[in-house]
2 protein chains.
Amino acid sequence: MYRPEIKILDCTIRDGGLMNDWRFDKAMVKDVFDGLAKAGVDYVELGYRADKKQFDPKDSGPWRFCDEEDLREVAYECDSKVSIMCDVGRTDYDAFIPASESIVKLVRVATYVKEIDKAIHLGKHVKSLGYPVSVNIMAVSHALEPDLDEALGELAQTDFEMVYLVDSFGYLYSEQIHYLAEKYLKKLPGKQVGIHCHNNQELGFANTIEAIIKGINYLDATIFGMGRAAGNCQLELLLGFLKNPKFDIRPVLDLIQKYFVKMKQELRWGYEIPYAITGILNKHPRAAMAFMKGVHGNTFSEFWDELSDAEEA
Amino acid sequence: MYRPEIKILDCTIRDGGLMNDWRFDKAMVKDVFDGLAKAGVDYVELGYRADKKQFDPKDSGPWRFCDEEDLREVAYECDSKVSIMCDVGRTDYDAFIPASESIVKLVRVATYVKEIDKAIHLGKHVKSLGYPVSVNIMAVSHALEPDLDEALGELAQTDFEMVYLVDSFGYLYSEQIHYLAEKYLKKLPGKQVGIHCHNNQELGFANTIEAIIKGINYLDATIFGMGRAAGNCQLELLLGFLKNPKFDIRPVLDLIQKYFVKMKQELRWGYEIPYAITGILNKHPRAAMAFMKGVHGNTFSEFWDELSDAEEA
């Protein structure tokens, strides 16, 4: 698949940070940024910009906050642009300097459908400072259709550059990806549409391909699939699929060998039965992550029964 | 997806045996058969029937040979039927007793396109003894189109019940699965068509779904994805997808917890970079399996370069 409009956004440090509280050391993140730049990746998301009044910086690594000076220590101006994410309700509006003074070239606002108005408010603030803005609607597999339609309608009226389709629970199958991709593209004329998949049912890469086939051009991926719970679409598989000659898989393979094989053994993202169960059942992965840490004392089958019976997400 | 015609064939012991030389102990295989029967799986493939004149029984576990008495020790007559596989050129024609005396209810002949005439010869012998026969055309991603068309044309003229589309190298993407599924279904009127995927690019489950969408009804899967190299479509994910009430995922979850989590840590099937590389590059996984055993002393990038440059498969 060679379509020059396709852009890859690597969010290894941001989504992967959900597995280690963003405790990546700076030398490693510097290596990651450099390797991704050499691989030709278009955007590198280096973390969240969480509100330090809500989250004590002592409790997490620096990539939960993405201070400008930390970003400048690990990244440099090049064709690979720095992205950061901020969550509705967890963001200090005053933490953003004007875009002209920042190394950040994209700010992504993560929201649930029900908080879309807050997301638009936050996006407008960020946009007013000069940043390109994406709104990422999480957990779309839990959204009611009329609510989603209304949210997309409101986003269509903004001047934000981008909207992302996000399968937070790794629940969606290809036919649902097709349906949603068509909806987003139709309802958001003139905007870029992106896809962010989780891998609970090992459909992260497959669903990203399906989104490409439907015309989505912004693709999230992570190195070795590192991300919350089962993780994300693997960057290396995506690079193997895309035939754009600007991409080079080898720097990513080097990073995997140097850092990620070992980290995966310790942190255990990827295909694991508890993650698969929450994916199949369209549930938030938090129960699976607790199960993986041994909090649940029960069997896989009991976990299945418990979640099958659970009313709430 | 609820389509009553859909049948699942579990080939954990047969394909998984490629990772441990079929050294599964009988109590475990008995447990596996029983769990799969409780899960409602339609066929259970318990191994190969390899020629004992070519392969010394002392070098492998019993499931490389599938002697009738070994099968009867672990399986019983029920709605889950016993299947075995035999390879063209590695099979002793005299090792088959009449079907009426056997617990085996399906014999699958594995072949490359170039050996299709031998496969048909072997299939006819087996069929003459009363067994239903499937021909599984391996490594279809290496087949030349006219050769494949000719092979399917020859198979169409047999009275074999089934033909399988096999992505041995885990190379195919959804659009290629669609194309091939349509071809097989069109060229094999009146026959059942099956799909057997490998998971090198984590597309095993995804591609199986795509085959279902195109109308393929016989689905191979393995418990926890156990199979050669990256393994196969995960049975548990497939059961989560299919809505036929006759299936129950829980006995499979129990088997995974009891046996397969530990085996996977030791044998290392699943998503690994060397397997992904051979998948992306449409190569036989043997080089990746050697790499995993440390035979290659080089890096992932060097392995990528070496295989990218290699002329032959």
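A:Thr222 is buried, with 29 other C-beta atoms within 10 Å. A residue counts as buried if 20 or more other C-beta atoms lie within 10 Å of its own, as exposed if 12 or fewer do, and as partly exposed in between; C-beta atoms are placed from the backbone. A:Thr222 lies in the loop between β8 (218-221) and α8 of chain A. Helices (H or I, at least four residues) and strands (E, at least two) are DSSP runs, numbered from the N terminus.

This is a predicted model, in which local features need pLDDT of at least 70 and side-chain atom pairs count only at pLDDT 80 or more, while totals for chains, interfaces and linings use all residues. Residues are numbered from 1 along each chain as its sequence is written, and chains are lettered from A and ligands numbered from 1 in the order in which they are written.

Which residues does A:Thr222 touch, not counting residues up to four places away in sequence? They are A:Asp10, A:Cys11, A:Thr12, A:Asp15, A:Gly16, A:Gly227, A:Gly231, A:Asn232 and A:Leu235. Contact here requires C-beta atoms, placed from the backbone, that lie within 7 Å. A:Ala143 stands 79 residues from A:Thr222 along the chain, and their C-alpha atoms are separated by 25 Å.

**Strands and a helix of chain B**

Strand β8 (residues 218-221) of chain B is buried on either side. B:Tyr218 and B:Asp220 point one way, B:Leu219 and B:Ala221 the other, and all are buried. Strand β3(B) is largely enclosed by the rest of the structure, because seven of its seven residues are buried. One side of β3(B) carries B:Lys81, B:Ser83, B:Met85 and B:Asp87; the other carries B:Val82, B:Ile84 and B:Cys86.

Two strands pair if DSSP finds at least two bridges between them.

| Strands | Sense | Bridges | Residues opposite each other |
|---|---|---|---|
| β1(B) and β8(B) | parallel | four bridges | B:Leu9 and B:Asp220 |

Helix α1 (residues 12-20) of chain B is mostly covered, with seven of its nine residues buried. These are B:Thr12, B:Ile13, B:Arg14, B:Asp15, B:Gly16, B:Gly17 and B:Met19. They pack against β1 (7-10), α2 (26-39), β2 (43-48), β3 (81-87) and α9 of chain B. B:Asp21 follows α1(B) and has a positive phi, near 50°.

**The nonpolar core**

How many residues does the largest nonpolar core have? It has 213 residues, and those with the most contacts inside it are A:Leu46, A:Leu238, B:Leu46 and B:Leu238. A nonpolar core is a set of buried Ala, Val, Leu, Ile, Met, Phe, Trp, Tyr and Cys residues joined through C-beta atoms within 7 Å. Leaving aside neighbours within four places in sequence, A:Leu46 is in contact with residues including A:Ile13, A:Trp63, A:Leu71 and A:Ile84. A:Arg14 is also in contact with A:Leu46. In soluble globular proteins, nonpolar side chains tend to be buried together.

**Where the chains meet**

28 residues of chain A are in contact with 27 residues of chain B. On the chain A side, α7 (204-214), α8 (235-241), α9 (250-267), α10 (273-280) and α12 (300-309) each give two or more residues. α9(A) gives the most, with five residues. By class, this side has 16 nonpolar, seven polar and five charged residues. Ala, Val, Leu, Ile, Met, Phe, Trp, Tyr, Cys and Pro count as nonpolar, Asp, Glu, Lys and Arg as charged, and the others, Gly among them, as polar.

A rotation of 180° with 0.0 Å of shift along its axis superposes chain A on chain B (RMSD 0.0 Å). That is the relation of a two-fold axis. The same surface serves both copies, as 96% of the contact residues of chain A recur in chain B. Superposition is by least squares on the C-alpha atoms of residues with pLDDT of at least 70 in both copies.

B:Arg250 is found in helix α9 (residues 250-267) of chain B. Not counting residues up to four places away in sequence, B:Arg250 touches A:Ser301 and A:Trp304. B:Arg250 is partly exposed, with 19 other C-beta atoms within 10 Å.

**Domains of chain A**

Chain A is divided into domain 1 (7-267) and domain 2 (273-309). The bounds come from an automatic or database domain assignment. The C-alpha centres of the two domains of chain A lie 25 Å apart. Nine residues of domain 1 are in contact with 11 residues of domain 2 in chain A. The domain 1 side divides into four nonpolar, four polar and one charged.

Note on methods. Two residues are in contact if their C-beta atoms, placed from the backbone, lie within 7 Å.
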